[in-house]
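Here are my notes on the model you sent over.

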Amino acid sequence: MISWVFLGLRGRVTPFARALAAVLTLLVAACASVEPVVSPAPAPVAMPAPPPPKPAVDPEKRRLMQAFGGEYFDVGVKAYLDDLLVRLAPASDAPGAPYHVTLLDSPVVNAFALPSGDIFVTRGLLGLAGDGAEVAAVMAHEIGHITAKHAAQRAELERQGKLFSRISSELLARPDQGEEYAARTKLTLARFSREQEFEADRIGIRTVAKAGYDPYAAARFLDKLGRWSALHAGGSSQSDRPDMMATHPSTPERIAAAVAQAKQIGAKGIGDPARDSYLSAIDGLAFGDNPAQGLAIETLFVHPKLGFAFRAPDGFALENQSSALIGVGESGTQALRLDSIEAPSSQTLEQALASGWIDGVETNSIETLKDVDLPTAVAIAKGEQWTFRLAAVRLGSRIYRLIFAAHSLSAAVDARFMTAIRSFHRITNDENGLARQAHVRIATAQPGDDSASLATRMTGVSEGLDTFLILNGLERNSAIPAGQRFKIVAP
């Protein structure tokens, strides 16, 4: 898989133990058959040929779809994406390839592709994009990964690295040499992946321009992406800082390269931005978390299906992923993770805490809390760079695992974490009523409207004005012409 971008908790807080699914799987038993009534044999008739067997679903494709909420069904949006692909495919380096696009039901801003020609776009990405040309740029970037065979190249480089490391470690009895080669291979892979991203950007921009779209759309979307990442990273924008080990170039690097590539094609204003048709297509698109999978409302997280709610510390930005709820606060120096495990009633909370949630970190100071709504036990674990406040909460047949991390777990910081842990409770009727799906709505500016007045129409999102500005690619002093359409978020 080649991923275009992933917005989530960065690796500095890991390694956490592998998360188990937080949502219960519902199993439905098949109905028994009934013996048919005996009747006279009918006259022979010609039987139609059986339908052809359905093609097997690629396991990697199935895994990715499950990880990103499955397919999002919207006939109009799907038709729009298909039309974009029909326009892009003839302009690609492999115009006859069998491309296929799938829309995923995830609020995470992401897109990725498989060598098979399958392209995946999340509804979170569509909500962020400002026009059809920006979405076309993302899809063309993925097509670039496919036509350049980046996945195969990376797999071969990884295979060679593992082979040489194994030869040094096992056959030549030089484990130190094997470790050194593994480190060099990791660095090589990082540089290789970064160059692949730049190459896919170049191919994508060339493709969208050839298809008649605005070649500057890629840079516009990358700018939105950087601003969105900063807004939802607790004040930390690590994607803006070049990192020699990062598999993706920093956002400013990519923007600069994308603008330079577009300038080689022509001046700004060329190509179709496809804005009006795009806004019409996504009017009504689901935005943000799916309430059935839990919903973050600023620092409050409610899960009607599983029946609980809790409030994260002030200043934390929450993101609900398929495997866990994650959050980042204090400019990236604090983080949280919430997931759950199936646990028999015989397993105590103390045993769960002592079972080793974080690789290489021992848990101590285990104690049971009093005066809380649900049975809760807490502990502290210390690593080299992070200190963790852990909590195990039992609700029904599951144990919910709360992991808070801080570079420095001072008494004040720990008190904030403990307050959040104590807030974990059975969901109330009022909280259950808050769990409504938000949608992208298209609003037309009226005379006298400005960004602030349009932002007041946003509901169900934090940082309403900043969110409005980013979703529409605006600055605070941008003009709001009467009659122009803009995206807002509302029920």
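1. Start with E60: at 25% relative accessibility it counts as partly exposed, where buried means under 20% relative accessible area, exposed over 50%, and partly exposed in between (1.4 Å probe, protein chains only). R63 is partly exposed too, with a relative accessible area of 44%. E60 and R63 form a salt bridge, their closest N and O atoms being 2.8 Å apart; the term means a side-chain nitrogen of Lys or Arg within 4 Å of a carboxyl oxygen of Asp or Glu. Both sit in helix 1 (residues 59-67), 3 residues apart, so about one helical turn separates them. In general, an α-helix has 3.6 residues a turn, so residues three or four places apart point the same way. Helices (H or I, at least four residues) and strands (E, at least two) are DSSP runs, numbered from the N terminus.

2. Before going further, a word on provenance: this is a predicted model, local features need pLDDT of at least 70, side-chain atom pairs count only at pLDDT 80 or more, and totals for chains, interfaces and linings use all residues. Residues are numbered from 1 along each chain as its sequence is written, and side-chain values use heavy atoms, with hydrogens and water left out.

3. What does R123 pair with in a salt bridge? Its side chain meets that of D105, at 2.5 Å from N to O. This pair links distant parts of the chain, 18 residues apart: R123 is in helix 3, while D105 is in the loop between strand 2 (100-104) and strand 3 (110-113). R123 is buried at 1% relative accessible area, and D105 is buried at 13%.

4. G124 is buried, with a relative accessible area of 10%. Leaving aside residues up to four places away in sequence, G124 touches S106, P107, V108 and V109, a contact being heavy atoms within 4.5 Å. The C-alpha atoms of G124 and L104 are separated by 8.7 Å, and the two residues are 20 apart along the chain.

5. T122 lies in strand 4 (residues 118-122) and counts as buried at 0% relative accessibility. Its side chain reaches two backbone oxygens: that of V108 at 2.5 Å and that of N110 at 3.2 Å. These are polar contacts (a pair of N or O atoms within 3.5 Å; within protein, one must be able to donate a hydrogen and the other to accept it, and residues adjacent in sequence count only if both atoms are side-chain atoms). Beyond four places in sequence, the residues T122 touches include F68, L103, L104 and S106.

6. Back to charges: a search of the whole structure finds 20 salt bridges. One of them joins D214 and R220, with the closest N and O atoms 2.5 Å apart. D214 is buried at 8%, whereas R220 is partly exposed at 27%. D131, E134, D214, R220 and K224 are linked in a network of salt bridges.

7. Finally, helix 9 (residues 275-282): which of its residues are buried? They are Y278, L279, A281 and I282. After helix 9 comes G284, with a positive phi near 100°.
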